[in-house]
Amino acid sequence: MKPEILSVEVSRCSLEHGFGGRPDRTVKLWGALGVLDLKTGAKADWHRIQTALQAILVAPECMLPPE
């Protein structure tokens, strides 16, 4: 598995949803675009929420609904 890294920590804003953030990485892997969130600590329940919010932020450039 070797994703092509498209951006690193680029600020984005969702006017539709009223929030912004900096996804760790946007990547292309096996022809699909998405978010790669790097974690160094222990697993936490909020990690899934953070990754979902990052998917919403990159959805316009990926031209895919985050669902």
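# Briefing: strands, helix and charged side chains

Leu29 faces Ala32, a residue of strand E5, from the opposite position. The model that shows this pair is predicted.

**Overall dimensions and contacts**

- The C-alpha trace of the chain spans about 35 × 30 × 20 Å along its principal axes.
- Among the 67 residues of the chain, 25% count as buried.
- Of the contacts in the chain with a separation of 6 or more, 38% are between residues 24 or more positions apart.

**The sheet**

- Three strands make up an open sheet in the order E1-E4-E5, and their pairing is antiparallel.
- The edges are taken by strand E1 (4–8) and strand E5 (32–36); each has a single partner strand, so one side of each is left without a neighbour in the sheet.
- From one strand to the next, the twist averages 25 degrees.
- Strand E4, residues 25–29, pairs with E5 in the antiparallel sense, and five bridges connect the two.
- Strands of a sheet pair through backbone hydrogen bonds, in either a parallel or an antiparallel arrangement.

**The helix on the sheet**

- Helix H1 covers residues 46–62 and packs on the sheet, where it touches E4 and E5.
- The direction of H1 makes about 150 degrees with that of E5.

**Loop residues with positive phi**

- Glu9 has a phi near 50 degrees, which is a positive value in a residue other than glycine.
- Glu9 sits in the loop between E1 and strand E2 (12–14).
- With a relative accessible area of 34%, Glu9 is partly exposed.
- Trp30 is not a glycine either, yet its phi is positive, at about 55 degrees.
- The loop that holds Trp30 lies between E4 and E5.
- Trp30 counts as exposed, because its relative accessibility is 75% and the cut-off for exposed is over 50%.

**A buried arginine without a salt bridge**

- Arg25 belongs to strand E4.
- Arg25 is buried and has no salt bridge.
- Leaving aside residues up to four places away in sequence, Arg25 touches Ile5, Ser7, Val8, Gly34, Val35, Leu36 and Leu38.

**Salt bridges**

- The structure holds four salt bridges, and three of them are described here: Glu61 with Arg12, Lys39 with Asp37, and Asp45 with Arg48.
- In the salt bridge between Glu61 and Arg12, the closest N and O atoms are 2.8 Å apart.
- This pair links distant parts of the chain, as Glu61 is in helix H1 and Arg12 is in strand E2, 49 residues apart.
- Glu61 has 41% relative accessibility and counts as partly exposed, whereas Arg12, at 13%, counts as buried.
- Lys39 and Asp37 form a salt bridge whose closest N and O atoms are 2.9 Å apart.
- Lys39 is partly exposed at 35% relative accessibility, while Asp37 is buried at 16%.
- Asp45 forms a salt bridge with Arg48, with 3.5 Å between the closest N and O atoms.
- Asp45 counts as exposed, with 62% relative accessibility, and Arg48 also counts as exposed, with 61%.

Key: Residues numbered from 1 in each chain as written. Predicted model: local features only at pLDDT ≥ 70, side-chain atom pairs only at ≥ 80, totals over all residues. Heavy atoms only, no water. Pairing = 2+ DSSP bridges. Helix = DSSP H or I, 4+ residues; strand = E, 2+ residues; numbered from the N terminus. Axes fitted to C-alpha atoms, helices over the stretch in contact; angles between N-to-C directions. Contact = heavy atoms within 4.5 Å. Buried < 20%, exposed > 50% of the residue type's maximum accessible area, 1.4 Å probe, protein only. Lys, Arg positive; Asp, Glu negative; His and termini not counted. Salt bridge = Lys/Arg side-chain N within 4 Å of Asp/Glu carboxyl O.
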